[in-house]
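Open your viewer and get ready to click through a few stops with me.

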Amino acid sequence: MPKKRGHQRSSGIRSRTAQTELSFSVSHMEHLLRKGHYAQRLSSSAPVFLAAVIQDLTSKVLELAGNEAQKNGEKRITPKLVDMAIHNNALLSSIFGMTTISLVAPGPH
């Protein structure tokens, strides 16, 4: 009798992260929202929305930092490049304000 190859799930249960096709953990976001006591009650869609927003924001910042790396002739994204990308984008700059990500504050370009 030949062995079955591959991984088979015994049931059709999938995590909320897999259902929503997100990279950021929905369960972890729910844990953080509950731990923070931001509200007495928490909708089931709130952690899904938060995970989606954080994933989108992260991808945008990394895309801009990658563009900065290419512009500066570098092959790696460094904290300084992330800082420059945020402060050179008007919308992200207003969101993050005077936040410094790297140890060196970005200067005028």
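## Stop 1: a chain of charges

Start by selecting Arg16, which is partly exposed, with a relative accessible area of 29%. Before you go further, keep in mind that everything on this tour is a predicted model.

Arg16 and Glu30 form a salt bridge, and their closest N and O atoms are 2.5 Å apart. Arg16 lies in helix α1 (residues 16-20) and Glu30 in helix α2 (residues 26-36), so this pair ties together parts that are 14 residues apart in sequence. Side chains of opposite charge can pair when their charged atoms come close.

Is Glu30 buried or exposed? Its relative accessibility is 18%, and buried means under 20%, so Glu30 counts as buried. Show its surroundings as well: leaving aside residues up to four places away in sequence, Glu30 touches Arg16, Leu42 and Pro47.

Next, select Arg34. Its side chain meets that of Glu30 in a salt bridge, at 3.0 Å from N to O. Both residues lie in helix α2, 4 residues apart, which is about one turn of the helix. An α-helix has 3.6 residues a turn, so residues three or four places apart point the same way. Arg34 is partly exposed, with a relative accessible area of 46%. Display the three residues together and you have a network of salt bridges linking Arg16, Glu30 and Arg34.

## Stop 2: a pair within helix α3

How many salt bridges are there in the model? The count comes to 3. To see another one, select Glu68 and Lys71, whose closest N and O atoms are 3.4 Å apart. Both sit in helix α3, 3 residues from each other, again about one turn of the helix.

Glu68 is buried, with a relative accessible area of 7%, whereas Lys71 is exposed, at 62%.

## Stop 3

In soluble globular proteins, nonpolar side chains tend to be buried together.

Which residues does Val82 touch, not counting those up to four places away in sequence? Click on Val82 and look for Val61, Ala65, Ile77 and Ile101.

Now colour the buried residues of α4: Leu81, Val82, Asp83, Met84, Ala85 and Ile86. Bring the neighbouring helices into view, and you will find that the buried residues of α4 pack against α3 and α5 (90-96).

## Stop 3

Leu57 is found in helix α3 (residues 46-71). Its relative accessible area is 31%, which makes Leu57 partly exposed.

Notes: Residues are numbered from 1 along each chain as its sequence is written. This is a predicted model: local features need pLDDT of at least 70, side-chain atom pairs count only at pLDDT 80 or more; totals for chains, interfaces and linings use all residues. Side-chain values use heavy atoms; hydrogens and water are left out. Helices (H or I, at least four residues) and strands (E, at least two) are DSSP runs, numbered from the N terminus. Buried means under 20% relative accessible area, exposed over 50%, partly exposed in between (1.4 Å probe, protein chains only). Contact means heavy atoms within 4.5 Å. A salt bridge is a side-chain nitrogen of Lys or Arg within 4 Å of a carboxyl oxygen of Asp or Glu.
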